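Please look through the sequence and the structure, then read on.

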Amino acid sequence: MRTSHDHLPLRRLGLAAVGSAVLLGIAAGPAAAHAEVSASDPRALAENVTLSFTSEAESDTAGITELRVVLPQGITPDAVTLKEAPQDWTLTATPDGYSLGGAALATGTDAEYSITVRQLPDARSLAFKTLETYGDGRVSRWIEVPADGRKVDNPAPLLTLQPAAPGAKPIAASPSPPPDPSAPSAQPSSPAPSASTASPDAQAASAADPGSGNGVIVAVVTAFVVLGGAGAVRWTRRSRQA
């Protein structure tokens, strides 16, 4: 006959199993929604690589409308082109990455898209910090980068790279686009006004300036006129006295 003591090991095993399940559920909780990235050729310095992203939906009331991505060092916005995206979504370059968005996806629908990168940098891993914006204004920030193997609550999509292929080298940066002939050209600055086109006030100020050439000329002419008038007066007086 079994006593109550015989059931204790079974009960303890049952409680341990439930506790383990709860702990596993808690550990799996943060991973239930996340953002990921994969590459068609995950090697450093690989060229024309397709990067595929998945941003899992977290909201039960609104769909994703926009993804804002900060590119890792070594990838510039002009080296990225859109390959696939949700219908009617468009990619716009930003100073440090790009934004991709459009009409809100159905609630609970993950945002999946892919881009083509001209060349991956020579690095061990690449983090693509991502902001998810929902139709109700909610923003999920997948921007944390794990350090020293530590786990984080909101990890950024992280791509681990393999060593570069033998002989792989960085390609030259894309040249600046040629000027558009249809674009309006800059208007030349107006030349400084010449003496002949200067305003009357400017001419008067120049003439009144004793240090200028015009002032000297005026002064000389005035002196001749004064001297000539004085000589005429003396000649007239002498003529009358005679």
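How many bridges join strand β2 to β7? The number is 8, and the two strands run antiparallel. The model is a predicted one.

## Strand β7 and its partners

Strand β2 covers residues 47-55, and strand β7 covers residues 111-119. Within this pairing, T54 stands opposite E112 of β7.

T81 is found opposite T116 in β7. Of the 9 residues of β7, 7 are buried, so the strand is largely enclosed by the rest of the structure.

## The aromatic rings

How many aromatic pairs are there? The count comes to 3. One of them joins F53 and Y113, whose rings are stacked, with 5.0 Å from centre to centre and 10 degrees between the planes. This pair connects distant parts of the chain, as F53 lies in strand β2 and Y113 in strand β7, 60 residues apart. F53 has a relative accessible area of 3%, and Y113 is at 5%. Both values fall under the 20% cut-off, so the two residues count as buried.

F53 also pairs with F128, this time edge-to-face: the centres are 5.3 Å apart and the planes are at 80 degrees. Here too the pair links distant parts of the chain, since F53 belongs to strand β2 while F128 is in the loop between β8 (125-127) and β9, 75 residues away. F53 and F128 are both buried. Taken together, ring pairs link F53, Y98, Y113 and F128 into a cluster.

## The five-stranded sheet

An open sheet is formed by 5 strands, in the order β5-β6-β3-β9-β10, with antiparallel pairing. Its edge strands are β5 (90-94) and β10 (139-142), each of which pairs on one side only. From one strand to the next the twist averages 15 degrees.

Inside this order, strand β3 (residues 64-70) and strand β6 (residues 97-101) are joined by 5 bridges and run antiparallel. V70 has G97 in β6 as its bridge partner. As a general point, side chains in a regular strand alternate between the two faces of the sheet.

## T130 in strand β9

Strand β9 runs over residues 129-134 and contains T130. Is T130 buried or exposed? Its relative accessible area is 2%, which is under 20%, so T130 is buried.

Which residues does T130 touch, leaving aside those up to four places away in sequence? They are S55, L67, R68, V69, S140, R141, W142, I143 and P157. For R68, 62 residues from T130 along the chain, the separation between the C-alpha atoms is 5.6 Å. The side chain of T130 also reaches the backbone oxygen of F128, at 2.9 Å; F128 is the residue whose ring pairs with F53.

## A charge over a ring

One further feature involves Y134 and R138. The charged end of R138 sits over the ring of Y134, at 5.8 Å from the ring centre.

How values were computed:
Residues are numbered from 1 along each chain as its sequence is written. This is a predicted model: local features need pLDDT of at least 70, side-chain atom pairs count only at pLDDT 80 or more; totals for chains, interfaces and linings use all residues. Side-chain values use heavy atoms; hydrogens and water are left out. Buried means under 20% relative accessible area, exposed over 50%, partly exposed in between (1.4 Å probe, protein chains only). Helices (H or I, at least four residues) and strands (E, at least two) are DSSP runs, numbered from the N terminus. Two strands pair if DSSP finds at least two bridges between them. Contact means heavy atoms within 4.5 Å. A polar contact is a pair of N or O atoms within 3.5 Å; within protein, one must be able to donate a hydrogen and the other to accept it, and residues adjacent in sequence count only if both atoms are side-chain atoms. Rings of Phe, Tyr and Trp (its six-membered ring) pair if their centres lie within 6.5 Å; planes under 30 degrees apart count as stacked, over 60 as edge-to-face and the rest as tilted. A charge sits over a ring if NZ of Lys or CZ of Arg is within 6 Å of the ring centre and within 35 degrees of the ring normal. Axes are lines fitted to C-alpha atoms, for helices over the stretch in contact, and angles run from 0 to 180 degrees between N-to-C directions.
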